[in-house]
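Subject: Structure for you to look at

Hi,

Here is the structure I promised to pass on. Please open it next to the sequence; my notes on charge pairs and the surface follow.

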Amino acid sequence: MRTIVIILLLLVILVVAVLLFNTFTLKSMQPKNIQQARLYSDTSALTRLSKGLQIQTVSHESGKTDTSMFLEFHQFLEQKFPLVHSKLKKENHGLSLLFQWEGKEKQLAPILLMAHQDVVPPAGEWEKEPFSGDLHNGYIYGRGTLDDKGALLAILESVESLLKENYQPKRSIYFAFGHDEELGGDNGNRKMAEILKSRGITFDYVLDEGGTIIHGIMPGVKAPVAVIGIAEKGYLSIELSIETDGGHSSMPPPKTSVGLLSEAIAELQKHPFPAKIAGATEKLFKFTAPEMEFPMKIVFANYKLLKPVITSQMEKTESTNASVRTTMAPTIFDAGTKENVLPMKARAVVNLRTLPGDTLQYILDYITKTINNPAIKLKVLPDQIEASEVSDTDNEAFKLISQSVSEVFPQAVVSPYLMLATTDSKHYRSISKNIYRFNPWDLQKDDLKRIHGNNERISTKNYMEAITFYRLILERN
């Protein structure tokens with residue numbers, strides 16, 4: 001008995017030693033030799049942002065998009081950014097815009113900066129009118145400030161200001177401003193990407209909308225975290241259907257079509273896909289763990305050994321849970337037409353956001369096994385997008401973006417992460433291996449609800465920081 005106790009004690013000591021060794025040998029992965037950037041100071045940029053937000057470039061799912069609003073927005077851009085339109089090569093692809101800023105060194109691969117013109121319709125009650133562009137208490141309100149007109153106008157401000165200084169980049173820089181990102185980008189960036197590919201153009205890297213600077217996102221990290229998307233989840237919907245004999249509701253069988261399909265949905269919700277710490281999420285842990293306080297630093301420094309502890313923590317909130325697994329969300333349930341008639345057919349749709357590496361076959365096999373009812377048929381719906389590849393974090397492109405973030409927001413911890421939604425950058429996967437997704441917005445947790453929600457806004461200081469960030473990106477290329 002004494003020998004067993006000694007062995008167990010030695011094992012405990014060994015485990016503790018490993019945990020502490022892994023913790024105290026962590027090295028910071030943050031950019032070095034940071035000098036805080038001087039904030040862009042031309043406050044007339046705020047007026048231009050306000051005016052741009054007043055033009056209602058709304059994408060409608062119904063297809064009733066008002067094209068005149070986009071044409072008005074194009075005229076606004078021509079008036080407010082004359083050097084961009086006179087010195088850069090401009091192409092109109094439908095309502096989408098493509099600019100090329102020619103670089104001095106032709107042998108260097110170009111880069112691509114992206115943003116989109118369109119916004120979603122207003123929702124809910126607003127403190128200020130959704131298309132007012134009102135300046136109130138240090139914020140500019142308006143649909144599109146965060147998603148994504150704010151970024152588009154900040155990019156153009158940075159280009160215009162550099163052109164005034166007769167700056168020319170080393171490598172050529174393209175700017176793609178789609179008009180239908182909120183509808184999937186099929187008529188905008190997809191077509192522009194196809195045209196660029198047909199010309200033999202490949203990009204050193206692409207920078208699109210995505211992560212932001214978020215406060216309180218990582219346990220143990222007091223500082224805000226600037227998350228740069230290095231991958232994004234896929235999109236997939238699967239229809240579940242069952243057909244039974246039906247009949248009169250006064251003589252129901254033990255389980256009706258509705259009941260059987262409901263059981264299947266319940267099983268899927270009780271048995272989510274297994275959590276995985278890999279790819280972009282693993283990189284998130286590696287970059288943030290050195291900046292954590294104890295005891296979380298010990299936990300995340302040993303994420304491979306303490307996976308159950310970490311996943312239990314991640315599962316507590318919807319956003320962090322979605323970063324470690326393929327998620328399933330029942331979104332449609334369709335059955336029955338009359339209250340006293342048993343429906344012969346019942347149909348449900350489950351929407352999945354897939355982790356990089358989770359194949360379609362793996363997903364179908366998992367759902368089939370979990371439901372365990374051969375009477376329920378599965379059908380993959382046509383609208384699907386594969387999860388992206390994971391972009392590199394050890395190259396010059398990621399270091400350049402990280403350095404620029406740190407110089408504008410020195411208080412933030414910079415980290416890669418997994419984007420939960422899809423962006424227009426998906427259309428450029430075949431012509432760039434390195435796609436990064438980041439908006440220079442400094443947001444509190446509650447601010448995330450403003451994106452596609454009500455009271456979308458940006459602080460005047462943050463908008464000037466955004467212009468500063470894009471200037472640094474352009475100056476370093």
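A salt bridge here is a side-chain nitrogen of Lys or Arg within 4 Å of a carboxyl oxygen of Asp or Glu. Keep in mind that this is a predicted model. The count comes to 22 salt bridges.

Start with the network. Salt bridges link D42, R48 and E157. Within it, R48 and E157 pair at 2.6 Å, N to O. R48 sits in helix α2 (residues 44-53) and E157 in helix α5 (residues 149-164), 109 residues apart. Are these two buried or exposed? R48 counts as buried because its relative accessibility is 16%, under the 20% cut-off. E157 is buried too, at 2%.

Next, R429 and E232. Their side chains form a salt bridge at 3.4 Å, N to O. R429 lies in the loop between β15 (413-419) and β16 (435-443), while E232 is in strand β8 (residues 225-232), 197 residues apart. R429 is partly exposed at 27%. E232 is buried at 0%.

Then E239 and R347. Their closest N and O atoms are 2.5 Å apart. This pair joins strand β9 (residues 234-243) to strand β13 (residues 345-354), 108 residues apart. E239 is buried at 13%, whereas R347 is partly exposed at 28%.

Last, the surface. A nonpolar patch there has about 890 Å² of accessible area together; its members include M1, I4, L8 and L305. I4 is in helix α1 (residues 2-24). I4 is partly exposed, with a relative accessible area of 49%.

Best wishes

Note on methods
Residues numbered from 1 in each chain as written. Predicted model: local features only at pLDDT ≥ 70, side-chain atom pairs only at ≥ 80, totals over all residues. Heavy atoms only, no water. Patch = residues over 30% accessible without salt bridge, like charges linked within 9 Å, V, L, I, M, F, W, Y side chains within 5 Å. Areas by Shrake-Rupley, 256 points an atom, 1.4 Å probe, with all protein chains shown as cover. Helix = DSSP H or I, 4+ residues; strand = E, 2+ residues; numbered from the N terminus. Buried < 20%, exposed > 50% of the residue type's maximum accessible area, 1.4 Å probe, protein only.
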